[in-house]
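Thanks for making the time this morning.

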There are 2 protein chains.
Amino acid sequence: MLPEADALAPAVTAVFTTVLTEGPLSRVALARRLGLSSGAVTKAARPLIELGYLEELAATERTGPGAGRPASPLAIRADCEYFVGVKITGDELIGVVCDLRAQVRASAHRRLSAPDAGHVLTELGELVDDLLDGPGDFRSRTRRLGLAVSGDVDHTTGLVRYSPFLRWRDVSLRERAEKVTGLTVTVENDVKALTVAEHWFGEGVGAESFALVTVGAGIGCGLVVGGRLVSGSRGVAGEIGHIAIDLNGPACHCGSRGCVEAIASTDAIVRQARVAARQPELTFDDAVALARAGDIAVGAVFARAGDAIGSGIAAVANLVGPDRIVVSGEGLAAYDLFEPHIRAGFQLQAFGTVADCPLSIRALPFEEWARGAATVSIKALVAS
Amino acid sequence: MLPEADALAPAVTAVFTTVLTEGPLSRVALARRLGLSSGAVTKAARPLIELGYLEELAATERTGPGAGRPASPLAIRADCEYFVGVKITGDELIGVVCDLRAQVRASAHRRLSAPDAGHVLTELGELVDDLLDGPGDFRSRTRRLGLAVSGDVDHTTGLVRYSPFLRWRDVSLRERAEKVTGLTVTVENDVKALTVAEHWFGEGVGAESFALVTVGAGIGCGLVVGGRLVSGSRGVAGEIGHIAIDLNGPACHCGSRGCVEAIASTDAIVRQARVAARQPELTFDDAVALARAGDIAVGAVFARAGDAIGSGIAAVANLVGPDRIVVSGEGLAAYDLFEPHIRAGFQLQAFGTVADCPLSIRALPFEEWARGAATVSIKALVAS
DNA sequence: AATCAATAGTTGACGAAGGAAATTATTTAG
DNA sequence: CTAAATAATTTCCTTCGTCAACTATTGATT
């Protein structure tokens with residue numbers, strides 16, 4: 001078992017995170033990248049190699065003019081430690097085991113009969129045991145568990161202040177999960193966890209500022225500004241879903257009117273599609289099918305939703321001017337119906353050079369939320 | 001003349017900025033505040049005292065139980081150095097001399113016949129000379145000039161990339177202003193400069209995240225997140241004025257529709273008030289007078305503008321969850337007409353605990369923009 | 001082959017910065 | 001006058017990172 005990587009020198013943390021997120025890099029490249037002397041990098045890398053976190057790759061490519069000693073890049077030893085991530089929803093636990101590079105190595109899920117905290121925690125314990133004792137022998141190399149929960153989460157204390165979907169209030173999730181699993185637990189809001197995952201291992205790598213927009217039952221946004229996750233001084237941030245974009249739009253459950261979420265969440269789409277198609281029993285999948293089959297009224301519902309999402313994204317972009325934006329979410333399963341409208345809505349309202357901000361739109365792969373949870377525990381190891 | 005405060009140890013900068021922004025503080029209080037040992041504070045403070053930036057106040061108040069050596073608070077010697085700040089608008093230069101605590105000591109302004117860069121720079125040189133050689137003998141203790149310009153400004157290079165009001169493109173303002181004035185020049189976007197001023201010396205002091213919204217000919221927003229000014233990766237950030245809040249609202253000069261600015265800028269208000277009052281020659285002041293006199297149609301224009309501003313502020317608050325928000329601007333000269341609507345619009349659309357964010361609304365004192373410019377040069381001295 | 005230039009990485013001396021704890025300073029309470 | 005409490009300083013020490021010299025490894029040139 002590898003020892004705790006606590007209380008590391010700044011340079012050690014910097015080298016670790018940079019190699020982790022920006023792939024194999026030679027010591028000289030790291031020194032340039034981090035503004036350190038090459039000697040400092042040598043010294044910082046040594047303990048990480050000795051602890052088994054980094055390894056030196058064989059020199060391979062020759063770059064530049066060709067002369068000179070070839071660089072030996074430092075790379076993460078991904079299998080030196082594993083991390084469990086679990087996304088907790090109202091009716092399901094989705095769990096994964098990831099390696100240090102956040103690659104999913106195993107996954108499992110459990111349906112929940114009821115979302116009360118006691119029940120969820122017992123199920124969580126069993127799920128984690130299943131994951132760690134299943135094929136792969138992860139148990140001996142796993143110390144950490146990350147949990148992702150929607151709602152207001154204090155990630156420093158591991159307290160879930162309020163989670164509407166779970167109907168939890170002030171649940172000390174970290175403490176209780178540590179007792180049940182015996183692992184070191186990190187708790188984070190689900191959207192923020194996903195944002196960290198994307199910032200460290202996805203399309204946000206290297207971005208100084210970055211926004212992740214999730215579209216689904218809710219519409220959320222995780223923000224990275226100045227290289228750091230934005231938490232909001234009252235625990236709330238990234239509530240793109242409750243930006244009002246249409247004074248005369250539909251009423252939203254938040255009490256306002258014309259919120260993005262009231263127009264573009266899956267629920268809102270179903271509600272509008274039922275009216276448009278005059279079928280009160282219509283499901284989301286039915287709506288998608290109708291729109292793809294050319295139903296003009298239902299198609300307009302998706303178009304309007306896409307425009308609304310584009311407006312919300314434009315608002316984020318106009319305010320913080322991020323390097324990059326990623327739009328994702330289970331609601332984008334039908335993303336062919338949304339994408340052009342999201343882009344058009346964004347382009348129309350993005351101000352000046354903000355319109356140049358790269359926007360990637362893609363469906364959210366299954367397990368991604370749980371992977372986000374695991375990423376948070378990786379981050380807790382590296383940048384503790 | 002005091003030497004350059006370049007390349008200081010982190011603790012020295014921390015002590016300096018903390019004393020500067022959070023008033024006289026004893027060494028022990030500073031140590032607690034900054035997470036340093038008291039010894040470190042003693043060492044960090046010494047050079048600052050020797051250079052004349054700080055002074056030790058006589059122990060005054062006894063706090064707590066009463067026993068113990070009284071603390072001798074460290075305070076800024078405000079008159080040890082002066083800073084010039086100039087706000088450049090299309091038709092006017094507004095200049096001030098501030099002390100190290102950003103108190104205005106002298107001010108002057110000049111009307112511009114034309115906004116071309118060459119002309120502006122000659123006038124700038126004369127304005128600065130007037131300020132420094134006027135009463136007060138500031139010249140000998142002044143090394144720095146801050147310039148505030150609306151538009152896209154690269155503050156690291158001092159280049160004005162694009163300023164629509166001035167019709168400037170790629171003007172290397174820092175270089176040229178240094179040549180004309182002989183001072184070390186810092187250039188910043190006007191709203192960002194004002195934000196720094198408010199963050200360091202105004203209501204944003206101590207805030208980890210903070211938003212300043214300015215209402216006037218344009219509607220802008222400066223953001224501080226994680227203690228640092230948000231610049232936007234393409235130079236654009238805080239464009240609250242171009243968040244669209246009404247799909248069917250009036251067309252905006254930016255090409256979109258229903259932008260906050262198209263509803264609530266002074267121009268937009270005048271335009272709408274002329275229609276409402278059926279007086280095509282109406283001025284802003286006339287509109288204010290009519291609204292105050294009870295004209296319902298004109299009053300509704302102000303109400304709608306206030307609501308729109310409130311919506312924009314709610315969008316900012318929902319996204320970044322700031323500690324505090326300040327609304328200011330020359331457009332708020334008639335702020336009695338706006339204030340309740342701004343607050344109501346904000347409260348309606350602020351999500352969850354975001355609604356608890358303190359909101360202060362107040363008219364922008366004359367010279368405040370220029371003071372912001374001076375503040376930027378103070379910041380450049382302290383945190384270079 | 002020998003040498004040189006170029007680049008990568010290591011090493012050890014050094015200096016700057018900050019912590020720990022003993023010491024000094026200054027006050028009030030008794 | 002002494003003890004307790006708090007503030008500030010000082011000294012010693014550790015840590016971290018730079019600097020510059022040095023080793024290592026390659027391709028190119030002669």
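This is a predicted model: local features need pLDDT of at least 70, side-chain atom pairs count only at pLDDT 80 or more; totals for chains, interfaces and linings use all residues.

The element that gives the most is α3(A), with four residues. Sorted by class, the surface near DNA strand C holds 13 nonpolar, eleven polar and five charged residues.

Moving on to DNA strand D, there are 27 residues around it, and here A:Ala11, A:Gly39, A:Arg69, B:Gly39 and B:Gly68 come nearest. Two or more residues of this surface come from each of α1 (10-21) and α3 of chain A, and from each of α2 (27-34) and α3 of chain B. Which element gives the most to the surface near DNA strand D? That is α3(B), which supplies four residues. The class division near DNA strand D is twelve nonpolar, eleven polar and four charged residues.

Now to chain B away from those surfaces, beginning with a pair of strands.

Strand β4 of chain B, residues 92-99, pairs with strand β5 of chain B, residues 104-111, and the pairing is antiparallel, over seven bridges. Within it, B:Val97 has B:Ala106 of β5(B) as its bridge partner. The hairpin that these strands form has four residues between them, and in this hairpin B:Ala102 takes a positive phi, near 65°.

Helix α4 of chain B, residues 117-133, packs with helix α5 of chain B, residues 173-181, at an angle of about 45°, and their axes are 9 Å apart. Because of that angle, α4(B) counts as oblique to α5(B). As for its handedness, the crossing of α4(B) and α5(B) is right-handed. On the α4(B) side the contact is made by B:Leu121, B:Leu124, B:Gly125 and B:Val128, while α5(B) brings B:Arg176, B:Ala177, B:Val180 and B:Thr181. By class, this contact of α4(B) with α5(B) consists of five nonpolar, two polar and one charged residues.

I will stop there and take questions.

Notes:
Residues are numbered from 1 along each chain as its sequence is written. Chains are lettered from A and ligands numbered from 1 in the order in which they are written. Ala, Val, Leu, Ile, Met, Phe, Trp, Tyr, Cys and Pro count as nonpolar, Asp, Glu, Lys and Arg as charged, and the others, Gly among them, as polar. A residue is near a molecule or strand if its C-beta atom, placed from the backbone, lies within 6 Å of it. Two strands pair if DSSP finds at least two bridges between them. Axes are lines fitted to C-alpha atoms, for helices over the stretch in contact, and angles run from 0 to 180 degrees between N-to-C directions. Angles under 35 degrees count as roughly parallel, over 145 as roughly antiparallel, 65 to 115 as roughly perpendicular and the rest as oblique. A crossing is left-handed if the near helix is turned anticlockwise from the far one by less than a right angle, and right-handed if clockwise. Two residues are in contact if their C-beta atoms, placed from the backbone, lie within 7 Å.
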